[in-house]
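Good morning, and thank you for making time for this.

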Amino acid sequence: MYMRHGRLKVKTSEEQAEAKRLEREQKLKLYQSATQAVFQKRQAGELDESVLELTSQILGANPDFATLWNCRREVFQQLETQKSPEELAVLVKAELGFLESCLRVNPKSYGTWHHRCWLLGRLPEPNWARELELCARFLEVDERNFHCWDYRRFVAAQAAVPPAEELAFTDSLITRNFSNYSSWHYRSCLLPQLHPQPDSGPQGRLPEDVLLKELELVQNAFFTDPNDQSAWFYHRWLLGRADPQDALRCLHVSRDEACLTVSFSRPLLVEARTETLLLLVDEAPLTVEWRTPDGRSRPSHVWVSQDWCELSVEKSTVLQSELESCKELQELEPENKWCLLTIILLMRALDPLLYEKETLQYFQTLKAMTHPPLLQAVDPMRAAYLDDLRSKFLVENSILKMEYAEVRVLHLAHKDLTVLCHLEQLLLVTHLDLSHNRLRALPPALAALRCLEVLQANDNAIESLDGVTNLPRLRELLLCNNRLQQPTTLQPLASCPRLVLLNLQGNPLCQAEGILEHLAELLPSVNSILT
């Protein structure tokens, strides 16, 4: 509004909108002309202080223009060869101030934080204490700014800040606000540094007293705000502090094939001409070539395994107490999904077979929450995650039961499975029944089953047989009522030299004209093909 002839004149909404449009157009013209001038100077190799001035005009309003940060770095690299140390120090000080102003415009600007890391990394004596103060100021404004947290970890590493001091810093922020995922995550990085355990790796087991203290802290958090995810994620990390030690789980010798197969407790990458995996016969090393079952150069699933380690009495007591606390909270917060999921994980850690029935009931409750009967909204991502997690637990339990019975036959039929896992532990299995589930594919990890003779996978939704590659002893494969569309999907079976019986009844590919003749040509070693 303005005065005209002594009277107050108020702009109409149309006039205001037009004024804003003209202002935006003017800013856009300046922005475009400055950008064009920068690119012209860069192309001409004119990397001087004028480029810093031009890019400042743009980045001051839009700090996320990554190319312009690259230009500024190129200018500084050029000026390092032209300026005296004193002149360069003045420019660096101004640059640090400019970066702070950009961060005030956008505290989560990737380019700005990255440029600050780059700049300080080139200084002979950076003031790391000042950088820590800068992080503290920005985290005071937004304590979940993960860009700032990343930068703080960089600064702490460069300044060799003791982990105990950083842990105390997270204490102060968590005490102020439990809903601080970044602080919880930082603790998971710091605690293994503060309490390293022999042969447990960087993310290994925590001492019992430390674990108890952390569990008490996180329990206070989710009793204070049960619906906040931060503390629940950290709680799951605490429960997993049992990195399995390297161990040989299974060894199989095939005299017929002159083949030795081993299964380990963790993924191993065995490279040629190294001693990663050494075979000793009569205490003498034997030169052999190692390969993965599927022929890929990567850590093989046939060597990787999840150790079924026994819980210590102390940890078992701690977990039992945690389970009771979570069940109490679940009674108070029956709709809290994180609490229900944590109860399941605790029961798995304590005794998966003892709590199997109860675990499945909790899964059913969780699934009902993702498929509310009176609402149209469904959470397919979370529902699929729960299905896969449930399948994983059921397979684990079945493997445990098989090992206790000391048999080589595994029945996984009628379990509503959506995925297969831990197949690397089935090195000695001869018969596997996967019928009447919801499987869409047979995974590549199936190649670990070197002794498998009979595979039943009827009544699933299988579309691919890539996982049936290189099964040297497979004789019978039953695939009735699946979704195999094309005869070419059976190509992997050509690598199974002993396959004699193949049942494909109820698959779409059986409708193709002349299918039996085609399959006989594709799989000449198979004696009986049922379509």
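This is a predicted model: local features need pLDDT of at least 70, side-chain atom pairs count only at pLDDT 80 or more; totals for chains, interfaces and linings use all residues.

Which residues of α3 are buried? They are Leu68, Trp69, Cys71, Arg72, Arg73, Val75, Phe76 and Leu79, where buried means under 20% relative accessible area, exposed means over 50% and partly exposed lies in between, with a 1.4 Å probe and protein chains only.

Residues are numbered from 1 along each chain as its sequence is written, and side-chain values use heavy atoms, with hydrogens and water left out.

Taking the chain as a whole, its secondary structure comes to 16 helices and 12 strands; these are DSSP runs numbered from the N terminus, helices being H or I with at least four residues and strands being E with at least two. Of the 531 residues in the chain, 44% are buried.

Helix α3 covers residues 66-79, and its 14 residues, at 1.5 Å a residue, should span 20 Å, which agrees with the 20 Å between its end C-alpha atoms. The expected span is 1.5 Å times one less than the number of residues.

Let me turn to one residue, tryptophan 232, which lies in helix α11, residues 229-239. Its relative accessible area is 0%, so tryptophan 232 is buried. If we leave aside its neighbours within four places in sequence, tryptophan 232 is in contact, meaning heavy atoms within 4.5 Å, with Phe222, Pro226, Cys326, Leu329, Asn336, Trp338, Cys339 and Thr342.

Next comes the sheet. Six strands form an open sheet in the order β7-β8-β9-β10-β11-β12, with parallel pairing, and two strands count as paired if DSSP finds at least two bridges between them. The edges are taken by β7 (409-411) and β12 (528-530), each of which has a single partner strand, so one side of each is left without a neighbour in the sheet. Between β7 and strand β8, residues 431-433, the parallel pairing runs over three bridges, and histidine 411 has aspartate 433 in β8 as its bridge partner.

My last topic is charge. A search of the whole structure finds 24 salt bridges, each being a side-chain nitrogen of Lys or Arg within 4 Å of a carboxyl oxygen of Asp or Glu.

One of them joins the side chains of glutamate 49 and lysine 83, at 2.7 Å from N to O. This pair links distant parts of the chain, since glutamate 49 sits in helix α2 (residues 49-59) and lysine 83 in the loop between α3 and α4 (85-105), 34 residues apart. Glutamate 49 is partly exposed at 37% relative accessibility, and lysine 83 is partly exposed at 26%.

Another joins arginine 153 and aspartate 150, at 2.5 Å from N to O. These two are three residues apart in helix α7 (residues 146-158), so about one helical turn separates them.

Finally, Glu100, Arg116, Arg130, Glu131 and Arg137 are linked in a network of salt bridges.
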